[in-house]
Amino acid sequence: KMFNFFKKKQNNTYMLGAVAKGKVVELKEVNDPTFNSGMLGQGVAIVPSEGKIYAPADGEIAMVFETLHAVSMTADNGVEILVHVGLDTVELKGEGFEGHVKAGDKVKKGDLLLTVDLDAVKEAGYDTITPMLVCNTDDYAAVEGIFGKDVMPKDDVVSIKMK
C-alpha cells in the first residue's frame, strides 16, 4: 500500500456530454416515476430547446426503439446509456421523429442520433423533457449530474466515478 503514493494517480472520472441544447435539470424534476425514482439508473434530464439529439459519448448504439423516441448505447468503456426523448412519447409511434443511427453503429460524442419536431410533440400534448440515464449505475462508485445550467451539446452533464 505504501508505494501507491508514487504511482501516477489515475483519472477515474468519466464525463458524459449533453445530448441536446437546452437546460439541464435533476431527474427528480421529471414527471414520471420510471425516471425520477432512479430505478432505471442515475443521470440528468435536459429540457431541449432544439430538436436534435446527440451522442453523449464515444461508443456503439445498442438499440434504437422502433418508435424512434429513445436510443440506448454502450460507451467504449462500458457505460450503458439510455436517452429517452420526452415522456410517454412511445405513443406517437415515431411521428415527428427521425432516426440517424441504427443498432451496431459506432458513434463519436456529438454525433447526431435523432431529430425530433419538438413543436409537434408538444402540440400532441407530450412533455419534451429528455432523461439521459446510466443504466448500469451500480457498476460505478458514483454517477452525479451537473444541474441547473444551460448547455450546448457535448457539454459535461454527468460525471461517473469508477470503482
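Let's start with strand 4, residues 52-54: three bridges join it to strand 10, and the two run antiparallel. Strands here are DSSP runs of E, at least two residues long, numbered from the N terminus. Two strands pair if DSSP finds at least two bridges between them.

A word on the source. This is a predicted model, where local features need pLDDT of at least 70, side-chain atom pairs count only at pLDDT 80 or more, and totals for chains, interfaces and linings use all residues. Residues are numbered from 1 along each chain as its sequence is written, and side-chain values use heavy atoms, with hydrogens and water left out.

Back to strand 10, residues 112-116. Strand 8, residues 97-99, also runs antiparallel to strand 10, through three bridges. Which residue of strand 10 is the bridge partner of Ile53? Leu114. Leu114 is also the bridge partner of Gly99. Four of the five residues in strand 10 are buried, meaning under 20% relative accessible area with a 1.4 Å probe, protein chains only.

Eight strands, antiparallel pairing, order 9-5-6-7-11-3-2-13. Strand 9 (106-107) and strand 13 (149-151) sit at the edges with a single partner strand each, so one side of each has no neighbour in the sheet. Inside the order, strand 3 (42-48) and strand 11 (130-134) pair antiparallel over five bridges. Ile46 stands opposite Thr130 there.

Last, Ser72, in strand 6, residues 70-75. Ser72 is buried, at 15% relative accessible area. Beyond neighbours within four places in sequence, Ser72 contacts Ile61, Ala62, Met63, Ile81 and Leu82; contact means heavy atoms within 4.5 Å. Ser72 and Leu133 lie 61 residues apart in sequence, but 9.4 Å apart C-alpha to C-alpha.

Technical notes
Buried means under 20% relative accessible area, exposed over 50%, partly exposed in between (1.4 Å probe, protein chains only).
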